Amino acid sequence: FRPEAVVAYGGDMRTVCYLRIERLGEMDAEEVDSMLAPLSVERKRRKHVGMPIQTVPLEYWVTRRLESECDVAPGFVHEFTRAADVLRDRDWAGKISITAVVARYLAEGEMPTGPYLNRSLIAALAAIDADLDVDVVPEL
């Protein structure tokens with residue numbers, strides 16, 4: 001995989017990208033910490049309990065957030081590539097769920113545009129068997 005330049009679009013939007021990792025089943029949180037250590041992740045805890053996300057794990061891990069004033073940050077492809085190098089060398093099947101989060105924040109009056117996902121990013125997502133969550137929200 002090679003990071004490719006991403007074309008900037010006009011406007012004041014900003015895009016934030018990161019990986020969210022959740023454990024599945026009975027895997028111990030400390031074991032996940034140890035397995036993900038090469039990625040410098042941060043363990044977080046959801047505040048919500050009960051419906052409607054009753055089956056969603058309360059603990060999860062996130063990589064550092066990359067921010068860009070244009071489209072998906074070119075460094076995000078590098079982060080995925082690095083994650084793929086770590087995650088494909090271990091027996092992760094059925095133990096964790098990986099979601100790539102792309103959050104686009106729009107300035108007041110700005111029209112939303114879809115994010116551009118180049119083939120390197122898509123290949124990196126596939127290499128770590130990750131889902132993709134794209135959100136477009138107003139800047140607060």
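Among the elements of this predicted chain, helix α2 has the lowest mean pLDDT (76), and strand β6 (residues 131-138) has the highest (89). pLDDT is the predictor's confidence in each residue, from 0 to 100. Helices (H or I, at least four residues) and strands (E, at least two) are DSSP runs, numbered from the N terminus. The chain average is a pLDDT of 76, and 78% of the residues score at least 70. Over residues 1-10, pLDDT stays under 50. Where pLDDT is low, the predicted coordinates should not be read in detail.

This is a predicted model, so local features need pLDDT of at least 70 and side-chain atom pairs count only at pLDDT 80 or more, while totals for chains, interfaces and linings use all residues. Residues are numbered from 1 along each chain as its sequence is written, and side-chain values use heavy atoms, with hydrogens and water left out.

The chain has three helices and six strands. Along the sequence they follow the pattern β-α-β-β-β-α-β-α-β. Of the 140 residues, 40% count as buried. Buried means under 20% relative accessible area, exposed means over 50%, and partly exposed lies in between (1.4 Å probe, protein chains only).

Now to one helix pair. The axes of α2 (residues 74-87) and α3 (residues 119-127) come within 9 Å and cross at roughly 25 degrees. Axes are lines fitted to C-alpha atoms, for helices over the stretch in contact, and angles run from 0 to 180 degrees between N-to-C directions. The two helices are therefore roughly parallel to each other (angles under 35 degrees).

Which residues of α2 meet α3? They are Phe76, Val77, Phe80, Thr81 and Ala84, and their partners in α3 are Ser120, Leu121, Ala124, Leu125 and Ala127. Contact means heavy atoms within 4.5 Å.

Histidine 78 also has its place in α2.

Most residues other than glycine have a negative phi. Serine 40 has a positive one, and so does aspartate 129. Serine 40 is in the loop between α1 (29-36) and β2 (42-45). Aspartate 129 is in the loop between α3 and β6.

| Residue | Relative accessible area | Class |
|---|---|---|
| Serine 40 | 56% | exposed |
| Histidine 78 | 44% | partly exposed |
| Aspartate 129 | 67% | exposed |

Notes. Parallel < 35°, antiparallel > 145°, perpendicular 65-115°, else oblique.
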